[in-house]
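Work through the exercises below with the sequence and the model open. Each task is followed by a solution in steps.

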Amino acid sequence: MYYKSLNPLIIEESEDYIFINKPPFVSTLADRNDPVTILSLVKKYNDDYQICHRLDKETSGVLLVAKNPEAYRNASMQFEHRQVEKIYTAIVDGLHQFKEEEVNLPLHTTASGYVKISHRQGKNAKTFFNTLETFKKHSLVACKPETGRMHQIRVHLASLNASITGDETYGGQPLYLSSFKRNFVKGKEKVEQPIIKRFALHAVNISLTDLKGKVISVEAPYPKDIEVALKQLRKNK
């Protein structure tokens, strides 16, 4: 979908911050292949505003924008000291019962952009996982990263044999209705299309302290593709 303005993406706004719900398939920062990014929409909205962190292009969810340099510094310091709480939800392959499951494995980004676990070259990375719901062949998992490494949640889930559904880079399988629906009847298309055409990861919540010392916590609703996927999974348990 082509976005012309930041307005439809804004969930909440305070004196110093804007919280937006980033759609999937839109890059956070500059992208040679796509002239419309969250950065371009923010700069069009107000050239002085700054994005405080980033999400992968396919990842949807809450993104923080600072409206002034002091607010940006405040958020940056909290990110640096791991005081910003971020919660993601992911649909993963397989049935899992995670309860405060801790993964503490160092991650190294290769020259190609692929991230791997490396005790020799990797940087410290820690994530906690909790199962929210299970279906026939999949699970819905809450993911709480303590650090903010590239592809951290994706690689840490893969290390638990719980790759994110649709994340073929790290072992995830596409979500086909035929794989879990009884009496599945194929449509007119020759090739079945996956229910969700990306890896199923959504940044659902972010919490930080504003310049006045007040804790702000903002939740981003699921986009349509994840809503549809969950509806089908729940219907065909």
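**Exercise 1. Find which residues of the largest nonpolar core touch the most other members.**

Step 1. A nonpolar core is a set of buried Ala, Val, Leu, Ile, Met, Phe, Trp, Tyr and Cys residues joined through side-chain atoms within 4.5 Å. Buried means under 20% relative accessible area, exposed over 50%, and partly exposed in between, with a 1.4 Å probe and protein chains only.

Step 2. The largest nonpolar core holds 57 residues, and Phe19, Phe129, Leu157 and Ile164 touch the most other members. Strand S4 (residues 60-66) contributes the most to this core, with five residues. Apart from this core there is another one of five residues, including Leu107, Val115, Ala125 and Val155.

Step 3. Strands (E, at least two residues) and helices (H or I, at least four) are DSSP runs, numbered from the N terminus. The model is a predicted one, in which local features need pLDDT of at least 70, side-chain atom pairs count only at pLDDT 80 or more, and totals for chains, interfaces and linings use all residues. Residues are numbered from 1 along each chain as its sequence is written, and side-chain values use heavy atoms, with hydrogens and water left out.

Step 4. Contact means heavy atoms within 4.5 Å. Not counting residues up to four places away in sequence, Phe19 touches, among others, Val62, Leu63 and Leu64 as well as Ile206 and Leu208.

**Exercise 2. Decide whether Thr89 is buried or exposed, and name the partner of its side-chain polar contact.**

Step 1. Thr89 is part of strand S5.

Step 2. Thr89 counts as buried because its relative accessible area is 6%.

Step 3. A polar contact is a pair of N or O atoms within 3.5 Å; within protein, one must be able to donate a hydrogen and the other to accept it, and residues adjacent in sequence count only if both atoms are side-chain atoms. The side chains of Thr89 and Tyr222 form one of 3.1 Å.

Step 4. Leaving aside neighbours within four places in sequence, the contacts of Thr89 include Leu140, Val141, Ala142 and His202.
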